[in-house]
Amino acid sequence: MLIDAALVRRLLAEQFPHWADLPVASVPLPGMDNATFRLGEALSVRLPRYARWVGQVEREQRWLPWLAPQLPLAVSAPVAQGRPGQGYPFPWTVQRWLDGEAATTDGLADPLRTATELAGFIRALQEIDATGGPAPSLSNAFRGERVGTECDALAADSLVRAKIAKLDGIVDTDAVTAVWEAALAAPAWDRPPVWLHGDLATGNLLAVDGHLSAVIDFGTLAVGDPACDLIPAWMFLPASARDTFRAAAAQDDATWARARGIALAGSLPVPDDPFFAVPSRVTASLRHLDAVLDDFRTYGR
(Lines give C-alpha, C1' and ligand atoms only; values in the text may rest on other atoms or scores of the structure.)
Protein backbone atom coordinates (compact mmCIF):
# COMPACT_ATOMS: atom_id res chain seq x y z
CA MET A 1 0.00 0.00 0.00
CA LEU A 2 0.98 3.63 -0.40
CA ILE A 3 2.60 5.02 2.75
CA ASP A 4 2.58 8.79 2.46
CA ALA A 5 2.15 11.92 4.55
CA ALA A 6 -1.62 11.84 4.07
CA LEU A 7 -1.80 8.36 5.64
CA VAL A 8 0.33 9.51 8.57
CA ARG A 9 -2.00 12.47 9.14
CA ARG A 10 -5.04 10.19 9.16
CA LEU A 11 -3.42 7.78 11.62
CA LEU A 12 -2.45 10.64 13.91
CA ALA A 13 -5.91 12.17 13.79
CA GLU A 14 -7.43 8.80 14.72
CA GLN A 15 -4.99 7.68 17.41
CA PHE A 16 -2.96 10.69 18.61
CA PRO A 17 -5.10 13.77 17.98
CA HIS A 18 -2.84 15.94 20.16
CA TRP A 19 -0.21 15.60 17.39
CA ALA A 20 -2.60 15.78 14.44
CA ASP A 21 -2.00 19.47 13.69
CA LEU A 22 1.79 19.13 13.50
CA PRO A 23 3.34 19.27 10.02
CA VAL A 24 4.31 15.92 8.46
CA ALA A 25 7.16 15.74 5.96
CA SER A 26 9.13 12.99 4.23
CA VAL A 27 12.77 12.61 5.25
CA PRO A 28 15.61 12.64 2.68
CA LEU A 29 16.47 8.97 3.31
CA PRO A 30 13.13 7.28 4.10
CA GLY A 31 14.53 3.73 4.38
CA MET A 32 13.81 0.44 2.64
CA ASP A 33 12.26 -1.56 5.48
CA ASN A 34 10.37 1.31 7.10
CA ALA A 35 8.93 4.61 5.91
CA THR A 36 9.94 7.57 8.07
CA PHE A 37 8.36 11.03 8.30
CA ARG A 38 9.28 14.03 10.38
CA LEU A 39 6.48 15.16 12.70
CA GLY A 40 6.79 18.76 13.77
CA GLU A 41 10.19 19.79 15.11
CA ALA A 42 10.72 17.17 17.79
CA LEU A 43 9.18 13.90 16.58
CA SER A 44 9.21 11.39 13.74
CA VAL A 45 6.90 8.59 12.62
CA ARG A 46 8.22 5.21 11.50
CA LEU A 47 6.02 2.66 9.72
CA PRO A 48 7.06 -0.85 8.55
CA ARG A 49 6.60 -1.33 4.82
CA TYR A 50 6.14 -5.11 4.94
CA ALA A 51 4.85 -7.72 7.38
CA ARG A 52 8.35 -9.14 7.81
CA TRP A 53 9.48 -6.02 9.67
CA VAL A 54 6.60 -5.73 12.13
CA GLY A 55 8.73 -7.29 14.87
CA GLN A 56 11.04 -4.29 14.66
CA VAL A 57 8.39 -2.09 16.25
CA GLU A 58 8.11 -4.33 19.30
CA ARG A 59 11.89 -4.63 19.68
CA GLU A 60 12.49 -0.89 19.56
CA GLN A 61 9.59 -0.15 21.92
CA ARG A 62 10.71 -2.84 24.38
CA TRP A 63 14.46 -2.37 24.44
CA LEU A 64 15.53 1.13 23.37
CA PRO A 65 14.30 2.92 26.51
CA TRP A 66 16.43 0.51 28.54
CA LEU A 67 19.50 0.54 26.30
CA ALA A 68 19.65 4.28 25.60
CA PRO A 69 20.88 5.50 29.02
CA GLN A 70 23.74 2.99 28.89
CA LEU A 71 25.13 4.14 25.54
CA PRO A 72 27.62 6.93 24.78
CA LEU A 73 25.76 8.31 21.74
CA ALA A 74 22.17 9.43 21.36
CA VAL A 75 19.85 6.76 19.95
CA SER A 76 16.28 6.59 18.71
CA ALA A 77 13.78 6.97 21.56
CA PRO A 78 10.17 5.76 21.04
CA VAL A 79 7.48 7.85 22.74
CA ALA A 80 4.32 6.10 21.51
CA GLN A 81 3.17 3.04 19.59
CA GLY A 82 0.42 3.23 17.01
CA ARG A 83 -1.90 0.42 16.00
CA PRO A 84 -3.21 -0.66 12.58
CA GLY A 85 -5.78 1.69 11.13
CA GLN A 86 -6.91 3.74 8.13
CA GLY A 87 -6.14 0.79 5.87
CA TYR A 88 -2.58 0.46 7.22
CA PRO A 89 -2.19 -3.10 8.62
CA PHE A 90 0.79 -2.89 11.00
CA PRO A 91 1.81 -1.32 14.33
CA TRP A 92 3.99 1.77 14.01
CA THR A 93 6.11 4.10 16.12
CA VAL A 94 6.31 7.75 17.10
CA GLN A 95 9.81 8.60 18.30
CA ARG A 96 11.99 11.55 19.18
CA TRP A 97 13.62 13.38 16.29
CA LEU A 98 17.41 13.45 16.49
CA ASP A 99 19.18 16.39 14.90
CA GLY A 100 22.00 15.75 12.48
CA GLU A 101 22.56 14.62 8.94
CA ALA A 102 23.51 11.24 7.56
CA ALA A 103 27.19 10.76 8.31
CA THR A 104 29.27 10.17 5.18
CA THR A 105 32.83 9.03 4.70
CA ASP A 106 33.86 12.20 2.91
CA GLY A 107 32.05 14.44 5.40
CA LEU A 108 33.88 13.34 8.55
CA ALA A 109 35.76 16.16 10.24
CA ASP A 110 38.08 13.77 12.09
CA PRO A 111 37.93 10.14 10.82
CA LEU A 112 40.19 8.80 13.59
CA ARG A 113 38.00 10.36 16.27
CA THR A 114 34.91 8.94 14.57
CA ALA A 115 36.51 5.49 14.40
CA THR A 116 37.28 5.60 18.11
CA GLU A 117 33.81 6.88 19.08
CA LEU A 118 31.98 4.35 16.93
CA ALA A 119 34.09 1.50 18.31
CA GLY A 120 33.33 2.77 21.81
CA PHE A 121 29.62 2.69 21.05
CA ILE A 122 29.89 -0.91 19.85
CA ARG A 123 31.83 -1.98 22.93
CA ALA A 124 29.38 -0.23 25.25
CA LEU A 125 26.47 -2.00 23.54
CA GLN A 126 28.21 -5.37 23.91
CA GLU A 127 28.82 -4.80 27.62
CA ILE A 128 25.11 -4.36 28.44
CA ASP A 129 23.40 -7.38 29.99
CA ALA A 130 21.87 -9.33 27.09
CA THR A 131 19.63 -11.56 29.18
CA GLY A 132 16.28 -12.04 27.43
CA GLY A 133 17.33 -10.03 24.39
CA PRO A 134 15.93 -10.84 20.93
CA ALA A 135 17.65 -13.70 19.11
CA PRO A 136 18.40 -13.64 15.37
CA SER A 137 15.12 -14.07 13.49
CA LEU A 138 13.33 -13.25 10.25
CA SER A 139 12.22 -9.80 11.42
CA ASN A 140 15.78 -8.67 12.26
CA ALA A 141 17.17 -10.25 9.08
CA PHE A 142 18.96 -12.88 11.20
CA ARG A 143 21.54 -10.38 12.38
CA GLY A 144 23.83 -12.05 14.89
CA GLU A 145 23.46 -15.48 13.27
CA ARG A 146 26.61 -17.36 12.32
CA VAL A 147 28.09 -16.33 8.97
CA GLY A 148 26.98 -18.64 6.18
CA THR A 149 23.96 -20.09 7.98
CA GLU A 150 21.28 -21.06 5.48
CA CYS A 151 18.47 -18.65 6.35
CA ASP A 152 16.80 -15.63 4.78
CA ALA A 153 19.82 -13.39 5.28
CA LEU A 154 22.40 -11.61 3.14
CA ALA A 155 25.19 -13.77 4.56
CA ALA A 156 23.65 -17.16 3.74
CA ASP A 157 26.33 -19.26 2.05
CA SER A 158 24.27 -20.33 -0.96
CA LEU A 159 23.10 -16.78 -1.64
CA VAL A 160 26.61 -15.30 -1.43
CA ARG A 161 28.09 -17.95 -3.71
CA ALA A 162 25.31 -17.44 -6.26
CA LYS A 163 25.99 -13.71 -6.29
CA ILE A 164 29.72 -14.25 -6.69
CA ALA A 165 29.08 -16.49 -9.70
CA LYS A 166 26.95 -13.79 -11.33
CA LEU A 167 29.80 -11.29 -10.97
CA ASP A 168 32.26 -13.37 -13.00
CA GLY A 169 33.99 -11.01 -15.41
CA ILE A 170 32.96 -7.95 -13.38
CA VAL A 171 35.08 -8.48 -10.26
CA ASP A 172 37.92 -10.81 -9.27
CA THR A 173 35.71 -13.69 -8.21
CA ASP A 174 38.66 -15.81 -7.04
CA ALA A 175 39.69 -13.09 -4.59
CA VAL A 176 36.12 -12.55 -3.47
CA THR A 177 35.64 -16.27 -2.91
CA ALA A 178 38.85 -16.43 -0.84
CA VAL A 179 37.51 -13.71 1.50
CA TRP A 180 34.20 -15.50 1.85
CA GLU A 181 35.76 -18.88 2.55
CA ALA A 182 38.06 -17.34 5.16
CA ALA A 183 34.99 -15.93 6.90
CA LEU A 184 33.31 -19.33 6.88
CA ALA A 185 36.48 -21.01 8.19
CA ALA A 186 36.93 -18.54 11.06
CA PRO A 187 35.99 -19.95 14.47
CA ALA A 188 32.40 -19.17 15.41
CA TRP A 189 31.47 -16.85 18.27
CA ASP A 190 31.77 -19.12 21.33
CA ARG A 191 30.95 -16.68 24.11
CA PRO A 192 27.55 -15.62 25.46
CA PRO A 193 25.54 -13.64 22.89
CA VAL A 194 25.93 -9.87 23.08
CA TRP A 195 23.84 -6.89 21.97
CA LEU A 196 24.33 -5.69 18.42
CA HIS A 197 22.74 -2.93 16.37
CA GLY A 198 22.82 -5.01 13.22
CA ASP A 199 22.97 -2.29 10.56
CA LEU A 200 25.61 0.34 11.28
CA ALA A 201 25.44 1.67 7.74
CA THR A 202 25.94 5.26 6.70
CA GLY A 203 22.23 6.09 6.72
CA ASN A 204 21.89 4.99 10.34
CA LEU A 205 24.73 7.15 11.66
CA LEU A 206 24.10 10.86 12.21
CA ALA A 207 26.67 13.62 12.37
CA VAL A 208 26.69 17.29 13.36
CA ASP A 209 29.46 19.41 11.84
CA GLY A 210 31.18 16.24 10.67
CA HIS A 211 31.24 14.62 14.12
CA LEU A 212 29.29 11.50 15.02
CA SER A 213 26.23 12.48 17.07
CA ALA A 214 23.68 9.65 17.07
CA VAL A 215 22.82 6.13 15.97
CA ILE A 216 19.32 5.47 14.62
CA ASP A 217 17.21 2.62 13.18
CA PHE A 218 17.51 -0.26 15.63
CA GLY A 219 15.10 -2.46 13.69
CA THR A 220 17.71 -5.21 13.34
CA LEU A 221 18.58 -5.11 17.04
CA ALA A 222 19.54 -8.57 18.30
CA VAL A 223 21.76 -10.53 20.66
CA GLY A 224 24.23 -12.91 19.07
CA ASP A 225 27.54 -12.82 17.22
CA PRO A 226 28.68 -9.16 17.13
CA ALA A 227 30.64 -9.51 13.88
CA CYS A 228 28.06 -7.65 11.80
CA ASP A 229 28.57 -4.46 13.82
CA LEU A 230 32.16 -4.21 12.53
CA ILE A 231 31.08 -3.56 8.92
CA PRO A 232 31.71 0.22 9.21
CA ALA A 233 35.41 -0.68 8.90
CA TRP A 234 34.85 -1.21 5.18
CA MET A 235 31.46 0.35 4.44
CA PHE A 236 31.76 3.69 6.21
CA LEU A 237 35.20 4.64 7.54
CA PRO A 238 38.07 5.63 5.23
CA ALA A 239 40.98 3.20 4.94
CA SER A 240 43.13 5.56 7.01
CA ALA A 241 40.88 5.00 10.04
CA ARG A 242 40.42 1.24 9.72
CA ASP A 243 43.32 0.23 11.97
CA THR A 244 42.20 2.72 14.62
CA PHE A 245 38.69 1.28 14.53
CA ARG A 246 39.97 -2.29 14.73
CA ALA A 247 42.16 -1.54 17.73
CA ALA A 248 39.44 0.43 19.54
CA ALA A 249 36.77 -2.19 18.87
CA ALA A 250 39.05 -4.79 20.53
CA GLN A 251 37.63 -7.77 18.65
CA ASP A 252 39.63 -10.93 17.97
CA ASP A 253 40.94 -12.02 14.57
CA ALA A 254 38.15 -14.56 14.06
CA THR A 255 35.43 -11.96 14.66
CA TRP A 256 37.21 -9.58 12.27
CA ALA A 257 37.33 -12.30 9.59
CA ARG A 258 33.62 -13.06 10.01
CA ALA A 259 32.85 -9.35 9.85
CA ARG A 260 34.85 -9.02 6.66
CA GLY A 261 32.72 -11.77 5.14
CA ILE A 262 29.49 -10.05 6.20
CA ALA A 263 30.69 -6.78 4.67
CA LEU A 264 31.52 -8.65 1.48
CA ALA A 265 28.06 -10.26 1.41
CA GLY A 266 26.51 -6.80 1.47
CA SER A 267 28.83 -5.43 -1.22
CA LEU A 268 28.10 -7.67 -4.20
CA PRO A 269 26.34 -5.58 -6.88
CA VAL A 270 24.56 -8.37 -8.74
CA PRO A 271 23.21 -6.95 -12.01
CA ASP A 272 19.67 -8.39 -11.60
CA ASP A 273 19.22 -7.16 -8.01
CA PRO A 274 16.66 -4.29 -8.04
CA PHE A 275 18.59 -2.57 -5.23
CA PHE A 276 21.44 -1.94 -7.67
CA ALA A 277 19.24 -0.32 -10.32
CA VAL A 278 20.58 2.97 -8.92
CA PRO A 279 24.09 3.53 -10.37
CA SER A 280 25.37 5.28 -7.24
CA ARG A 281 24.66 2.14 -5.22
CA VAL A 282 26.77 0.06 -7.60
CA THR A 283 29.63 2.54 -7.32
CA ALA A 284 29.45 2.54 -3.52
CA SER A 285 29.22 -1.24 -3.40
CA LEU A 286 32.30 -1.72 -5.57
CA ARG A 287 34.18 0.76 -3.39
CA HIS A 288 33.24 -1.21 -0.29
CA LEU A 289 34.24 -4.46 -1.98
CA ASP A 290 37.64 -3.01 -2.86
CA ALA A 291 38.11 -2.05 0.80
CA VAL A 292 37.27 -5.59 1.90
CA LEU A 293 39.69 -7.13 -0.61
CA ASP A 294 42.45 -4.71 0.33
CA ASP A 295 42.02 -5.52 4.02
CA PHE A 296 42.11 -9.25 3.27
CA ARG A 297 45.30 -8.91 1.25
CA THR A 298 46.88 -7.06 4.16
CA TYR A 299 45.62 -9.07 7.13
CA GLY A 300 43.62 -12.05 5.96
CA ARG A 301 46.24 -14.63 5.12
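Visitor: How do you know what reach to expect of helix H8, residues 253-265?

Guide: This is a predicted model, and the expectation is computed at 1.5 Å a residue. H8 has 13 residues, and the span expected for it is 18 Å. From its first C-alpha to its last, H8 reaches 18 Å, which is close to that expectation.

Visitor: What makes you describe H8 as mostly covered?

Guide: A residue is called buried when its relative accessible area is under 20%. Twelve of the 13 residues of H8 are buried. Among them are Trp-256, Arg-258, Arg-260, Ile-262 and Leu-264.

Visitor: Which helices do the buried residues of H8 pack against?

Guide: They pack against H4 (157-166), H5 (173-185), H6 (232-235), H7 (242-249) and H9 (279-300). Packing here rests on contact, that is, heavy atoms within 4.5 Å.

Visitor: Which residues of H7 are buried, and what covers them?

Guide: Arg-242, Phe-245, Arg-246, Ala-248 and Ala-249 are buried in H7. Their cover includes H3 (111-127), H6, H8 and H9. H7 is followed by Ala-250, with a positive phi near 55°.

Visitor: Why does Asp-217 count as partly exposed?

Guide: Partly exposed covers what lies between the buried limit, under 20%, and the exposed limit, over 50%. Asp-217 has 22% relative accessibility, so it counts as partly exposed.

Visitor: How do you know which class Ser-137 belongs to?

Guide: The relative accessibility of Ser-137 is 23%, so Ser-137 counts as partly exposed. Ser-137 is in the loop between H3 and H4. Leaving aside neighbours within four places in sequence, its contacts are Arg-59 and Phe-142. Ser-137 and Asp-295 are 158 residues apart in sequence, and their C-alpha atoms are 30 Å apart in space.

Visitor: Is Phe-121 buried or exposed, and how do you know?

Guide: Phe-121 has a relative accessible area of 0%, so it is buried, and it lies in helix H3. Apart from neighbours within four places in sequence, Phe-121 is in contact with Leu-71, Pro-72, Leu-73, Val-75, Val-215 and Phe-218. Leu-71 is 50 residues away along the chain, and its C-alpha is 6.5 Å from that of Phe-121.

Visitor: How do you know whether the radius of gyration of the chain agrees with that of a compact globule?

Guide: For 301 residues, a compact globule would have a radius of gyration near 19 Å; the protein chain has 19 Å, so the two agree. Its C-alpha atoms fill a box of roughly 60 × 40 × 40 Å along the principal axes.

Visitor: What else describes the protein chain as a whole?

Guide: The protein chain has nine helices and eleven strands. Buried residues make up 51% of its 301 residues. Of the contacts between residues at least 6 apart in sequence, 68% join residues at least 24 apart. The chain exposes about 13,200 Å², and carbon and sulfur atoms supply 54% of that area. The mean positions of its 26 positive and 36 negative charges are 3 Å apart.

Conventions. Residues numbered from 1 in each chain as written. Predicted model: local features only at pLDDT ≥ 70, side-chain atom pairs only at ≥ 80, totals over all residues. Heavy atoms only, no water. Helix = DSSP H or I, 4+ residues; strand = E, 2+ residues; numbered from the N terminus. Rg over C-alpha atoms; globule rule 2.2 N^0.38 Å. Buried < 20%, exposed > 50% of the residue type's maximum accessible area, 1.4 Å probe, protein only. Areas by Shrake-Rupley, 256 points an atom, 1.4 Å probe, with all protein chains shown as cover. Lys, Arg positive; Asp, Glu negative; His and termini not counted. Charge placed at Lys NZ, Arg CZ, Asp CG, Glu CD. Expected span 1.5 Å × (residues − 1).
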